[in-house]
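Here are some questions and answers for a first look at this protein. Keep the sequence and the structure in view as you read.

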Amino acid sequence: MSIENMDELINHLKSQGFVFQGSEIYGGLANSWDYGPLGVEIKSKLKSLWWKYFVKKNEFNVGLDSSIILNDNVWKSSGHIGNFNDPLIDCKNCKARYRADKLIEENLPNIVISGCTLEQLKAIILENKINCPKCGKLDYTDIRKFELMFKTYQGVIADDSSVVHLRPETAQGIFINFKNVQRTTRKKIPFGIGQMGKSFRNEITPGNFIFRTREFEQMELEFFFNPNDSKDWFEYWLNKVIIFLNEEINLDSKKYHIRHHEREELSHYSKKTVDIEFDFPFGRGELWGISHRGDFDLKAHQNGSKQNLMYLDTDTNEKYLPNVIEPSVGVERLLLAIFSQSYVEELLDDGTKRIVFKLPKKLAPYQIAIIPLQKQQNDKAYELFNELLTDFDAVYDITGNIGKRYRRQDAIGTLYCITIDFDSEADKKVTVRERDTMQQERILISELKNYLEQKLK
Ligand SMILES: [Zn+2]
């Protein structure tokens with residue numbers, strides 16, 4: 001899919017009830033999106049697949065659901081307050097605002113700017129004559145830092161003592177609960193803690209639909225291990241992530257790429273980082289980050305809280321701060337990758353076009369649609385729909401002619417259409433049509449449940 005059909009994809013998602021513009025009846029709110037009846041289904045299926053794979057069915061890991069608003073000292077210790085900001089620069093002529101680092105990266109891809117001061121960044125822009133992309137002038141303000149965390153007040157009095165922030169990542173909630181989890185589960189190192197939930201970043205340059213939004217949902221795992229362990233846990237989790245992409249959500253392996261960060265671009269806390277990048281319609285972008293954080297976070301919270309966060313190995317009496325591997329992914333980015341890979345327009349033999357949303361089997365909002373061919377079959381079909389609803393994600397569809405109903409189900413990714421017709425009464429069979437191949441089969445109603453269970457495995 002190319003950038004040209006990004007708009008087409010967005011229109012499709014809006015018209016079918018996957019994603020709506022946020023606050024639409026009030027003219028919208030920039031960069032906010034609501035998930036409609038079909039969007040919420042695929043989103044919740046994706047989250048539950050992640051949870052099952054990384055938490056519930058993993059031998060090492062357990063889960064957590066920590067608060068969005070934490071004691072502000074958490075962010076002071078973690079380095080978010082003070083460090084978590086973007087360098088902004090404004091064009092004096094047209095008032096356009098840019099992230100200075102992005103402006104440089106886009107124009108001078110080979111230059112290394114990490115560690116540069118704000119003055120040095122501005123000098124690079126001026127020396128290399130990076131003109132304003134909007135108006136073409138070279139007349140900028142000084143660069144200043146812009147805080148990325150959303151700030152608010154807790155309690156009735158809005159003064160400095162009641163300032164709190166919305167979390168910019170779910171990870172810190174895990175680190176501050178490391179001891180609680182370890183004590184109550186009696187887990188021995190190595191073990192991991194998974195968490196999913198909303199995070200908030202007041203991004204300067206949000207965009208590309210749901211790729212970068214200020215309110216987003218993360219799925220993060222913090223995996224704690226002994227720094228002297230000979231096993232390569234980084235490779236272990238990188239491999240796990242790849243298996244998840246390939247086997248659980250069937251991401252096209254030609255569309256994603258594994259990129260090792262160069263030493264210069266590593267964050268200050270990271271010993272090693274790998275990004276899995278995906279070919280989105282607008283270009284290549286980060287999908288999933290796997291980072292070796294050392295003992296940076298636990299050490300920071302041990303210092304900040306004055307609590308002992310060391311782990312005691314009761315077998316060896318060894319006492320240490322565990323190291324951490326963090327695979328971290330945004331729900332919406334993963335969704336956008338799946339959406340863009342699944343949207344297909346096909347030209348059929350009769351010259352007509354069909355839009356088919358080839359969503360992965362485990363993520364399609366509906367597995368089956370029950371369709372009575374004519375009014376006379378409505379009662380029988382509705383009865384069958386109710387029976388199958390117990391075991392399958394099913395929808396009952398009676399509007400429009402049969403061709404239209406097939407197209408509609410194709411467009412929302414429904415895997416099988418089950419049609420009751422004139423003959424069903426006599427031969428006790430229904431027609432089952434498969435989404436991608438459009439092939440049809442007559443199946444005995446009594447065997448339908450088994451048949452579908454096999455197909456949907
Ligand atoms: Zn300008």
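**The zinc site and the aromatic pairs**

Q: In sequence, how are the donor residues of the zinc ion spaced?
A: This is a predicted model. The protein donors are the SG atoms of Cys91, Cys94, Cys132 and Cys135, lying 2.3 Å from the zinc ion. Along the chain, these donor residues follow the spacing C-x2-C-x37-C-x2-C.

Q: Which arrangement do the 4 donor atoms around the zinc ion make?
A: Four donors count as tetrahedral if all angles lie between 85 and 135 degrees. Here the angles run from 106 to 114 degrees, so the arrangement is tetrahedral.

Q: Cysteine 91 and cysteine 132 link distant parts of the chain: how many residues apart are they?
A: Cysteine 91 sits in the loop between β4 and β5. Cysteine 132 sits in the loop between α6 and β6. The two are 41 residues apart.

Q: Is cysteine 132 buried or exposed?
A: Buried means under 20% relative accessible area. Cysteine 132 has a relative accessible area of 2%, so cysteine 132 is buried.

Q: Are the rings of phenylalanine 191 and phenylalanine 224 stacked, tilted or edge-to-face?
A: A search of the whole structure finds 33 aromatic pairs. In this pair, the ring centres are 5.8 Å apart and the planes meet at 40 degrees. Planes under 30 degrees apart count as stacked, over 60 as edge-to-face and the rest as tilted. The pair is therefore tilted.

Q: How far apart in sequence are the parts that phenylalanine 191 and phenylalanine 224 tie together?
A: Phenylalanine 191 lies in strand β9 and phenylalanine 224 in strand β10. Both residues are buried. Their pair ties together parts that are 33 residues apart.

Q: What is the angle between the planes of phenylalanine 211 and phenylalanine 282?
A: These two form an aromatic pair, 5.0 Å centre to centre. The pair is edge-to-face, with planes at 70 degrees.

Q: Is phenylalanine 282 buried, partly exposed or exposed?
A: Buried means under 20% relative accessible area, and exposed means over 50%. Phenylalanine 211, at 8%, is buried. Phenylalanine 282 has a relative accessible area of 24%, so phenylalanine 282 is partly exposed.

Q: The charged end of which residue sits over the ring of tryptophan 233?
A: Trp233 belongs to an aromatic cluster that also includes Trp50, Tyr236 and Trp288. A charged end sits over the ring of tryptophan 233, 5.1 Å from its centre. That charged end belongs to lysine 231.

Technical notes:
Residues are numbered from 1 along each chain as its sequence is written. This is a predicted model: local features need pLDDT of at least 70, side-chain atom pairs count only at pLDDT 80 or more; totals for chains, interfaces and linings use all residues. Side-chain values use heavy atoms; hydrogens and water are left out. Donors are N, O and S atoms within 2.8 Å of the metal (3.2 Å for Na, K and Ca); water is not among the atoms, so sites may look incomplete. Four donors count as tetrahedral if all angles lie between 85 and 135 degrees; four count as square planar and six as octahedral if opposite donors are over 155 degrees apart and all others between 65 and 115; anything else is irregular. Helices (H or I, at least four residues) and strands (E, at least two) are DSSP runs, numbered from the N terminus. Buried means under 20% relative accessible area, exposed over 50%, partly exposed in between (1.4 Å probe, protein chains only). Rings of Phe, Tyr and Trp (its six-membered ring) pair if their centres lie within 6.5 Å; planes under 30 degrees apart count as stacked, over 60 as edge-to-face and the rest as tilted. A charge sits over a ring if NZ of Lys or CZ of Arg is within 6 Å of the ring centre and within 35 degrees of the ring normal.
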